[in-house]
Amino acid sequence: MTTDAAPERLLFWAMAYKLSELLMLAERDGALAALERGVGVEELAGATGWRPDSAAIVLTLLGRAGLVEHDAGRYRLSPELTRYRVLLALEQRLHDWHRSRDSLRRALVSDETNDPLDDLDDPAFVAAFAQAMAATARETALRVRKIIGSAGAARVVDLGGGDGSVAAELAGLLPAARFRVVDRPALHPAFQARADGANHRIEFIAGDLRDAVVVAGAVRSADLILLLNVAHLLADHALDRLLHAARGAAKPGATLVVRDMFRQDDGPLALTDLMLVDWLRCGARFCDDIADFTARLKRAGFSDVAVRAMPGSVDKFVTATVG
Ligand SMILES: C[S@@+](CC[C@H](N)C(=O)[O-])C[C@H]1O[C@@H](n2cnc3c(N)ncnc32)[C@H](O)[C@@H]1O
């Protein structure tokens, strides 16, 4: 993927943002939507307002990046990529937000946090965020269902459960279960909009996961505690506090399921490495590898810690038992 062995790899990485910039623009100008359907060069030019010779260059580059397939004059976004499109617009907004605050530099020199989610005063941003998170909800729910098997999951708590999309998908798979979604107050309108009051088995608790009292209260009667794509958003001490509070308050035998990306020190550079930059600029500085995280869970008093890789993804699921 990169010019690993070449001396110009310093330039390669300095300039890698150019492809990101092109990709973001392709999303904004409707090129990726057109490519999802499949288009020829002229058609892409028509859909975007781009010059046909420019469109041809973009298609060549996206093809070389492995994003676009080409067959008999027609170009198509590789089908497995389409569900991630919604994340591009979000990524652009987050990028702009961090840029405007000089987050990366501030995180490098201070212990401030620069979490855009602490600054959720824009309902359009919250709605876009919730929609982006929901894109993977079905897949996540299916994986969680597979991991917990037939074990009892009568009461499920989803810590950092966003607008409740994962809970809603799981509710369809676990018809007898009741759900609690804990997230910031700003996510409540998105929860209400998504749920439309229809699923009375899912309740929303507005609270801060950095508050041990909130966490302990939420997990008290739970059989299953979910922490999906959340650990990396919490500073070291806040994550430890959450895990201690959850383990201390939950019923013995309850299961914790964590999903996250964990630092890898070998193998090709991957999405996880880019996410480390993200978490650094937020001030969370999460950089556990799987051994660090396993040790963290054991320190918090969890037992039976097990790790499951996800085929085709850099994410991992980690399960552990209370008591
Ligand atoms: C990346 S999203 C993951 C959403 C969902 N769990 C999923 O996997 O699709 C992280 C969620 O954690 C929530 N979150 C992060 N820090 C939080 C905090 N300190 N208190 C409450 N919620 C928090 C965010 O608001 C957001 O909804």
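Q: Which residues make the nonpolar surface patch of about 380 Å²?
A: First, a heads-up: this is a predicted model, where local features need pLDDT of at least 70, side-chain atom pairs count only at pLDDT 80 or more, and totals for chains, interfaces and linings use all residues. Residues are numbered from 1 along each chain as its sequence is written, and side-chain values use heavy atoms, leaving out hydrogens and water. A nonpolar patch joins side chains (Val, Leu, Ile, Met, Phe, Trp, Tyr) within 5 Å, in residues with over 30% relative accessible area and no salt bridge (a Lys or Arg side-chain nitrogen within 4 Å of an Asp or Glu carboxyl oxygen). Here the patch is made by Trp13, Leu269, Leu271 and Leu274.

Q: Is Leu271 buried, partly exposed or exposed?
A: Leu271 lies in helix H14, residues 271-282 (a helix is a DSSP run of at least four residues, a strand one of at least two). Buried means under 20% relative accessible area, exposed over 50%, and partly exposed in between, with a 1.4 Å probe and protein chains only. Leu271 comes in at 44%, so we call it partly exposed.

Q: Why does Leu117 count as buried?
A: Leu117 sits in the loop between helix H7 (103-109) and helix H8 (123-134). Leu117 is buried because its relative accessible area is 9%.

Q: How far apart are the C-alpha atoms of Leu117 and Val166?
A: Along the chain, Leu117 and Val166 are 49 residues apart.

Q: Where is Ala72, and what is its phi?
A: Look in the loop between strand S1 (68-71) and strand S2 (74-77) for Ala72. Ala72 counts as exposed, because its relative accessibility is 74%. Its phi is positive although Ala72 isn't a glycine, with a value near 50°.

Q: Which residues come nearest to the ligand?
A: There are 16 residues around the ligand, each with a heavy atom within 4 Å of it. The ones that come nearest are Gly160, Asp183, Asp208, Leu209 and Leu228.

Q: How much of the ligand's exposed area does the protein bury?
A: A backbone N or O atom of Gly160 is 2.8 Å from a ligand nitrogen, and a polar side-chain atom of Asp208 is 2.9 Å from a ligand nitrogen. Taken alone the ligand exposes 590 Å² (Shrake-Rupley method, 1.4 Å probe). Of that, the protein buries 96%.

Q: How far is a polar side-chain atom of Asn229 from an oxygen atom of the ligand?
A: Asn229 is in the loop between strand S6 (224-228) and helix H13 (236-249), and its phi is positive, near 60°. At 30% relative accessibility, Asn229 counts as partly exposed. The distance from its polar side-chain atom to the ligand oxygen is 3.3 Å.

Note on methods: A polar contact is a pair of N or O atoms within 3.5 Å; within protein, one must be able to donate a hydrogen and the other to accept it, and residues adjacent in sequence count only if both atoms are side-chain atoms. Patches are made of residues with over 30% relative accessible area and no salt bridge: like charges are joined within 9 Å, nonpolar side chains (Val, Leu, Ile, Met, Phe, Trp, Tyr) within 5 Å.
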